[in-house]
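Me: I have a structure open and some terms to sort out. Can you take me through them one at a time?

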Amino acid sequence: MRHFTLLFACGVLQAQTAAPVPQHVDPQNLQERWDGYLNRTYNWKKIGIVTAETMFDQTFQLSKCGRPPYCFPHELGGALARRTTRTTIEFGVGALLHEDLRRRPSGLHGFRQRFTYAFLHAPLAVGADGKWEPAYSRFTGTIGGLAVSSAWNGRPLTASRLSEGFGWSSSSYFQDALWTEFEPDLKRLGRHVADKLRHRPKP
């Protein structure tokens, strides 16, 4: 966890020297921000992903469940409550600070450059002045989600629990950034493999 925290801090410090935001990117208005919030929070595909992740996690935690019939509904409810809290806080704080949390591909060439860009910009957002800065609304949303999760599970939110939870939760920043950067490539690769399998001569 210490190594991860160090890497996270490097990404935040990168806000001071990061490349300028492309000029063709328009500022995010309130309607776009609201539409993005609704899509991230209440889209059935997003909820389906949370459900699938919770089911997957439960398969490895059956021995820890004291009330088997109620564990999955409890965990799913907690995951949805945590996620809704996080995205709602991000929406409110982001609008207040005029932060733009939208992720965009870098437009760079070469795996190393693209990976470095995605990794270092993962904890950043575009501020009101059009420059990269730490994503304060995203950090606040993560902490709010952890507070709700602790309350949902009846546990006090101690400093050590908050630190550990923030570390694990913020790993999703890097997953999202890398997915945004390489999603088109992975989709092209998937289509290429599918075409090859489809046109493979039958024995």
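Reply: Start with a definition. A nonpolar core is a set of buried Ala, Val, Leu, Ile, Met, Phe, Trp, Tyr and Cys residues joined through side-chain atoms within 4.5 Å. Keep in mind that this is a predicted model.

Me: What makes up the largest nonpolar core here?

Reply: Eight residues do: Ala118, Ala122, Phe139, Leu146, Phe166, Tyr173, Phe174 and Ala177. Two elements, α6 and α7, each give two or more residues to this core. The largest share comes from α7, with four residues.

Me: Which residues meet where α6 and α7 pack?

Reply: From α6 come Arg138, Phe139, Thr142, Ile143, Leu146 and Ser150. From α7 come Arg161, Leu162, Gly165, Phe166, Ser169 and Tyr173. By class, this contact has six nonpolar, four polar and two charged residues.

Me: Why is Arg161 called partly exposed?

Reply: Its relative accessibility is 37%. Buried means under 20%, and exposed means over 50%. The value of 37% falls in between, so Arg161 counts as partly exposed. Arg161 sits in helix α7. Leaving aside neighbours within four places in sequence, Arg161 is in contact with Ser150, Arg155 and Pro156. Arg161 and Leu146 are 15 residues apart in sequence, and their C-alpha atoms are 9.1 Å apart in space.

Me: What makes Thr54 buried rather than exposed?

Reply: The relative accessible area of Thr54 is 8%. The cut-off for buried is under 20%, so Thr54 is buried. Thr54 lies in helix α3, residues 44-59. Not counting residues up to four places away in sequence, Thr54 touches Phe72, Glu75, Leu76 and Ala79.

Me: How does α3 meet α2?

Reply: Helix α2 covers residues 30-42. The axes of α2 and α3 come within 5 Å and cross at roughly 35°. Asn39, Arg40, Thr41 and Tyr42 of α2 make the contact with Trp44, Lys46 and Ile47 of α3. These residues divide into three nonpolar, two polar and two charged.

Me: How do you know that Leu97 is partly exposed?

Reply: Leu97 has a relative accessible area of 37%. Leu97 lies in helix α4, residues 68-97. Apart from neighbours within four places in sequence, Leu97 is in contact with Ala128 and Tyr136. Leu97 and Ser137 are 40 residues apart in sequence, yet 7.9 Å apart in space, C-alpha to C-alpha.

Me: Why is His98 called exposed?

Reply: Exposed needs over 50%. His98 has a relative accessible area of 53%, so His98 is exposed. His98 is placed in the loop between α4 and α5, the latter being residues 111-121.

Me: What is the phi of His98?

Reply: Phi of His98 is near 60°. That is a positive value in a residue other than glycine.

Terms used
Residues are numbered from 1 along each chain as its sequence is written. This is a predicted model: local features need pLDDT of at least 70, side-chain atom pairs count only at pLDDT 80 or more; totals for chains, interfaces and linings use all residues. Side-chain values use heavy atoms; hydrogens and water are left out. Contact means heavy atoms within 4.5 Å. Ala, Val, Leu, Ile, Met, Phe, Trp, Tyr, Cys and Pro count as nonpolar, Asp, Glu, Lys and Arg as charged, and the others, Gly among them, as polar. Buried means under 20% relative accessible area, exposed over 50%, partly exposed in between (1.4 Å probe, protein chains only). Axes are lines fitted to C-alpha atoms, for helices over the stretch in contact, and angles run from 0 to 180 degrees between N-to-C directions.
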